[in-house]
Each structure stands twice: as C-alpha cells, then as structure tokens.
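This note sets out points for a colleague who is examining the model alongside its sequence.

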Amino acid sequence: MMVEFKSDRYALDSLLGEGNFGSVYKALDKKTDTYVAIKIEKTQKISQISMEVEVLKQISGENGFPKLIDFGKYEDKPYVVMTLLGQNLQKKFQIIRKIISVERVLDIGIQCFKRIKTLHDYYYIHRDLKPQQFLINEDFNVFLIDFGLCRKYMNSKLMIHVPYSDNRPFVGTANYASLNTHLGIQQSRRDDLESFCYILSYLLYGKLPWIPNDKIKYDEKSIKKIKTTVAPSNLFASSSLVQFFIYVKSLTFEKNPDYQYLFDLISQALFEEKSSSMSIFIIDGSTNSKSSIKKRERKSRKKTINNKFKRSNLCRSLDNINISINNSSQTQVCDHLPEFKDRKIFKSQILRAAESPIVQERLKCCVM
Ligand SMILES: Nc1ncnc2c1ncn2[C@@H]1O[C@H](COP(=O)(O)OP(=O)(O)OP(=O)(O)O)[C@@H](O)[C@H]1O
C-alpha cells in the first residue's frame, strides 16, 4: 500500500521495495522531470535514515553508489531521495539464474567486492550485506545501497580502530551474517567480507548450506549452527575462492584486509573460468519443469548451431548433464552436450569441479 506523502516536488509512482525499516518508491521529481527513488522510513526511535544520509553525502560521487538528491522529513517520517537504480540481485537472479554464465556471476561478484572496498575506504562497514543490497542495471553495473546500519570502524582523524567488544545484539540478516556476528562479536571489515563470500556462493549456486532453496527458511540459531561447521569447499568449487574464504576467516578484528590479494583471487577464479573450455551452468533443477527444460534445450541447441560456442546464451540443467571421462587420456571429447560436441575438455577441469560437494550434488559425473 502506498504511504501518504504529499510533496510539491515528488509524485509517488510505484513501490520498488519494502524492508524492515522503510519503503522505497519510484517517484517523479517534478523539478528535474526525472524518476528518482525515495526511501521513506517507518517511524523509528532511532532513525536509520540519518546514517544513510551521512554515508551518502560522502560516498555519492563514487562509482557504483546512488547519488544523494535530497532528504528531509514528511510529517514525522524521515525520507531520503536518490538516483533510481535497477533491480536487486536477489530478484534479478530469480529471473536470470537459469541463463547466466559463471563468468558473468564472477564479474558481478568482482563489482560487489569493489563496492565493499570503496565503503571501507571511507572508514565505514555496512553490517547488513545481502543480495538485496546490490542493485544491477541493464548494463550489468552493480550499485551498493542501504547504509542505515553502517558504522565507522575507525576514527579517520586519529586512525584508531574501534575497540573489540562482545555480547552485542544481533545486527544484520541471518542468512548472510558472519559467524562472529551470530556469536555477538562486534563487527569489523572482516565481517562484511565474510558476508560477501556467502553472497557470492549464493549467486553462483543458487543456495547455501543453510538456504537449501528459496522456500525453506531456517531460524537464526540453526543458521549459526550450520555456519560453525561449514567447510570452504561447501561454499566454492574454485580453489581461488576457497582460498578467499579461508583468508577472510583468518582475519583478526582490527586487521586491514589485503584487498589486492582478495581481488587477485576472484580475478583468478574468473580467469580460470574464461580459459576453461567447460563452463558449468549452475541451475536449480528443482524449479525446472520437464517441459521448460526441454524448451530451453531446444532453444539452446538452435542457438549453438547458429552461434557455435557462444556460451553465455546456453542454458542447461546440471541435473541433466552426464559427463564421462576416459582415464587413459588427458582430454576427452564430450558428445553428450551439444555445446561441448567435438570440443576437448581437460579432464582435470572436470575432476576439480567435481570435487566440490555442491557441484557433485548437481552434476552426475561418471568417471570411467
Ligand atoms: N535507488 C534505488 N533504485 C531502485 N530500487 C531501489 C533503490 N533503493 C532501494 N531500492 C529497492 O528497495 C529495496 C529495499 O531497499 P533498502 O534495502 O534500502 O530498504 P530497507 O528498508 O533498509 O530494507 P532492509 O530492511 O532489507 O535493510 C531494495 O532491495 C531495492 O529492491
């Protein structure tokens, strides 16, 4: 339902999203004759919009962040006006997950990582990173939003890190929060990076060990329990991304993360994916009806003939893939899939991918 919002300048158009703290609307800015996004807060004791405005004032000009247009109060409700951006990654992936290539997901992941680094460069941590906080436009440019829960992790004048504390109330979103956040430990840069790992794994595979699918929801206690035992290989198939997660988990509270090292690790994963002759399409088979798989396969085959090896256009359920590897040679011509027909796949690539429990679960890999 649309809120009451009378303004000479803005005319509310439609609801873009609703969170715990407020509602975001598309609105016409009559002054500039452009569409903008207005976030109107539900009345709160402690307004989050003041922190959102504080961060936006500083970070607005940076690549991948919305521009702050205006802010104020309507009756007792604070609001902030910013540039209208695209769909959030959660919604977008519900639509494109079945057709997006791993390369493209990693490219999106790199952009998400860069946005987190930029925020950290301004001495803020986000504390509520999740796919819904990254918006993506038609050109696949990624923007970070929602700075209401941000906090300074360092006094930027004195360059003193905030002190360690525990017994803190839970802040954030259980599915993507770091384990230390569940344990009540004060958040710092490492926690945003751990959330990033969970987001990236979710985008790659469409699930996490505590999100078996989009319908089942675990409570915070159960999520915390699973996170205490999760192994890096439960999250990633790529050894570079496994390394990324291990490094992030090894960071101490005040440690300045080596962003360049982390950037190199995701770039390496992307490079391996690009140079690999086999791109694995991670698709949740459970949501595919037989007829929709068949329809996509027909479309995919047609495209392969017309545009041989244009992988980003191909879509396929991994549940339907059956790859055989011949132990006697290093490469194997794979005839099972039209897009791989007559192409040599390095056995090591398949074996490496198949080591991951996530991939194993989806990929019926038959090693002869
Ligand atoms: N500038 C924008 N352009 C387009 N859509 C937006 C914009 N800002 C927010 N949205 C949409 O509104 C949703 C909620 O926004 P936001 O996270 O800022 O609100 P919130 O009330 O703080 O939510 P939460 O409780 O999840 O933190 C986003 O996921 C997105 O879909």
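**Notes on the predicted model**

1. Leaving aside its neighbours within four places in sequence, K39 is in contact with G22, V24, I49, Y79 and V80; two residues are in contact if their C-beta atoms, placed from the backbone, lie within 7 Å. K39 is found in strand β3, where strands (E, at least two residues) and helices (H or I, at least four) are DSSP runs, numbered from the N terminus.

2. On the basis of the numbers: this is a predicted model, in which local features need pLDDT of at least 70 and side-chain atom pairs count only at pLDDT 80 or more, whereas totals for chains, interfaces and linings use all residues. Residues are numbered from 1 along each chain as its sequence is written.

3. Is K39 buried or exposed? K39 counts as buried because it has 25 C-beta neighbours inside 10 Å. The cut-offs are 20 or more other C-beta atoms within 10 Å of the residue's own for buried, 12 or fewer for exposed, and partly exposed in between, with C-beta atoms placed from the backbone. An unreviewed UniProt entry lists K39 under "binding site"; UniProt positions are given in the numbering used here, feature names are shortened, and such annotations may be inferred rather than shown by experiment.

4. The ligand is surrounded by 21 residues, of which the closest are G17, G19, N20, A37 and D146; a residue is near a molecule if its C-beta atom, placed from the backbone, lies within 6 Å of it. Two or more residues of this shell come from each of the elements β1 (10-18), β2 (22-29) and β3 (34-41). By class, the shell has 10 nonpolar, 8 polar and 3 charged residues. Here Ala, Val, Leu, Ile, Met, Phe, Trp, Tyr, Cys and Pro count as nonpolar, Asp, Glu, Lys and Arg as charged, and the others, Gly among them, as polar.

5. The strands named above are linked by hairpins. β1 and β2 pair in the antiparallel sense over 7 bridges, with pairing requiring at least two DSSP bridges between two strands. A hairpin of 3 residues joins β1 to β2, and L12 stands opposite A27 in β2. β2 and β3 are likewise antiparallel, over 8 bridges, and Y25 stands opposite I38 in β3. The hairpin of β2 and β3 has 4 residues between the strands, and D33 there takes a positive phi near 55 degrees.

6. The chain is assigned domain 1 (10-83) and domain 2 (87-270), with bounds that come from an automatic or database domain assignment. Each of these domains gives at least three residues to the shell around the ligand. Their C-alpha centres lie 24 Å apart, and 14 residues of domain 1 are in contact with 17 residues of domain 2. Helix α1 (residues 49-59) supplies the largest share of the side of domain 1 that touches domain 2, namely 7 residues. That side has 8 nonpolar, 4 polar and 2 charged residues.

7. A further open sheet of 3 strands has the order β6-β8-β9, with antiparallel pairing. Its edge strands, β6 (87-88) and β9 (142-144), each pair on one side only. Strand β8 (residues 134-136) and β9 pair over 3 bridges, and F134 stands opposite L144 in β9.

8. For the chain overall, the secondary structure comes to 12 helices and 16 strands. Buried residues make up 36% of its 368 residues.
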